Amino acid sequence: MKNEIAAVVVTYNRKTLLSECLNRILNQENISCDIVLIDNGSTDGTEEMIQTQYQRPEIIYRKVKVNLGGAGGFQYGVKYAVIQGYKFVWIMDDDTMPENNALFELVNAGHALEDNWGFLSSAVYWIDGKVCMANRPKVTLFSHVCADRCRQEVVSVIMSSFVSILVKTDVIREVGLPIGEYFIWTDDYEFSGRISRNYPCYMIKRSKVIHAMANHSKADIAIDDIRRLDRYFCLYRNDVHCYRNYGVKGWIYIILKDIYAIFNILKNSRDGKRDRLKTILKGFKEGVCFNPQLEMLERIF
């Protein structure tokens, strides 16, 4: 192992986006990292692409037989990186496109903060150059980084998405891995929130990435394809599990969020209103008693 940092990337059937993501990581300036690539069973030729174009010692490719979901993939990849002895993990989706100095700016900011931090996140933009609305870090349970704070170089935050987040592996050994049982959605907020309850955490404006998602607005059960309701069940279940850890404020947040989603469905959904409403209610009910196992790793002293 030649690097202290492992970029953990999870992919599934998006080899074109993945290729650009890998190229951008490999072309980071003034700093380098290894790449732990978790392939959730892609069938689009991702494995062949890696074997023919990315046979490099700094890329560790792991293909799983069963789709673990984004959450399971990140749990697997982060666990591997920690066990292998990396000092930091740089976590991102396969459609994350970091600018050439993105990692350097995170590490440089960490040094300026005298290593008194748990995670550092990048400023995330969409393909049009505007702030990606789906990936604004949270400064409180009820608010995200706003335009005013975006003018600050370093912003204190409590939650961030898995679209370029740098975490110390010592911190991961202390607080535990991302929760794989979430399968998809909210695993990033739960994990980063768990860290920020123990350490100060920040968004670093100079570290910039593009999130090449199809639409940069937040997921909306009211207007999304009815065939994606299984994903939304995970979202509403996972949200309850995540926010209930914040006591009364967390319960207030999740109840208000779900009430808003219900009214949004009644007002804006053109089909499947009953199924959409049932998904929210089922997710909430399951979330109340959902107790996934938090996997801890042995601490090194």
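Colleague: Why is Arg-14 called partly exposed?

Modeller: This is a predicted model, so every value here is computed from it. Arg-14 has 34% relative accessibility. Buried means under 20% and exposed means over 50%, with partly exposed in between. So Arg-14 counts as partly exposed.

Colleague: What makes Asp-95 and Arg-14 a salt bridge?

Modeller: The N to O distance between their side chains is 3.5 Å. The cut-off is within 4 Å, so the pair qualifies. In general, side chains of opposite charge can pair when their charged atoms come close.

Colleague: Is Asp-95 buried or exposed?

Modeller: Asp-95 has a relative accessible area of 2%. Buried means under 20%, so Asp-95 is buried.

Colleague: How many salt bridges are there by this rule?

Modeller: The count comes to 12 salt bridges.

Colleague: Why does the pair of Asp-95 and Arg-14 tie together parts that are apart in sequence?

Modeller: Asp-95 lies in the loop between strand E4 (88-93) and strand E5 (96-98). Arg-14 lies in the loop between strand E1 (5-11) and helix H1 (15-26). Those parts are 81 residues apart in sequence, so the pair ties them together. Arg-14 and Asp-95 also belong to a salt-bridge network with Asp-94.

Colleague: How do you know that Arg-227 forms a salt bridge with Asp-225?

Modeller: Their closest N and O atoms are 2.6 Å apart. The limit is 4 Å, so this pair passes. Arg-227 has 71% relative accessibility, over the 50% mark, so Arg-227 counts as exposed. Asp-225 has 29%, so Asp-225 is partly exposed.

Colleague: What about Asp-271 and Arg-276?

Modeller: The closest N and O atoms of Asp-271 and Arg-276 are 2.7 Å apart. That is within 4 Å, so they form a salt bridge. Asp-271 is partly exposed at 40%. Arg-276 is buried, with a relative accessible area of 1%.

Colleague: What makes the rings of Phe-142 and Tyr-253 an edge-to-face pair?

Modeller: Start with the count: the structure holds 9 aromatic pairs. In this one, the ring centres of Phe-142 and Tyr-253 are 5.7 Å apart. Rings pair when their centres lie within 6.5 Å. The planes meet at 80°, and over 60 counts as edge-to-face, so that is the label.

Colleague: Where do the two residues, Phe-142 and Tyr-253, sit in the chain?

Modeller: Phe-142 is in the loop between strand E7 (138-140) and strand E8 (143-144). Tyr-253 is in helix H9. They are 111 residues apart, and the pair links distant parts of the chain. Phe-142 is partly exposed at 47%, whereas Tyr-253 is buried at 15%.

Colleague: What makes strand E10 mostly covered?

Modeller: In strand E10 (residues 163-168), 6 of its 6 residues are buried. E10 pairs with E4 in the antiparallel sense over 5 bridges. Two bridges are enough for pairing, so E4 and E10 qualify. Here Trp-90 stands opposite Leu-166 in E10. E10 also pairs with E6, antiparallel, over 3 bridges. There, Ser-121 stands opposite Ile-165 in E10.

Colleague: What is noted about the phi of Glu-114?

Modeller: Glu-114 has a positive phi of about 60°, although it is not a glycine. Glu-114 lies in the loop between helix H4 (102-112) and strand E6 (119-125). At 69%, over the 50% mark, Glu-114 counts as exposed.

Key:
Residues are numbered from 1 along each chain as its sequence is written. This is a predicted model: local features need pLDDT of at least 70, side-chain atom pairs count only at pLDDT 80 or more; totals for chains, interfaces and linings use all residues. Side-chain values use heavy atoms; hydrogens and water are left out. Helices (H or I, at least four residues) and strands (E, at least two) are DSSP runs, numbered from the N terminus. Buried means under 20% relative accessible area, exposed over 50%, partly exposed in between (1.4 Å probe, protein chains only). Rings of Phe, Tyr and Trp (its six-membered ring) pair if their centres lie within 6.5 Å; planes under 30 degrees apart count as stacked, over 60 as edge-to-face and the rest as tilted.
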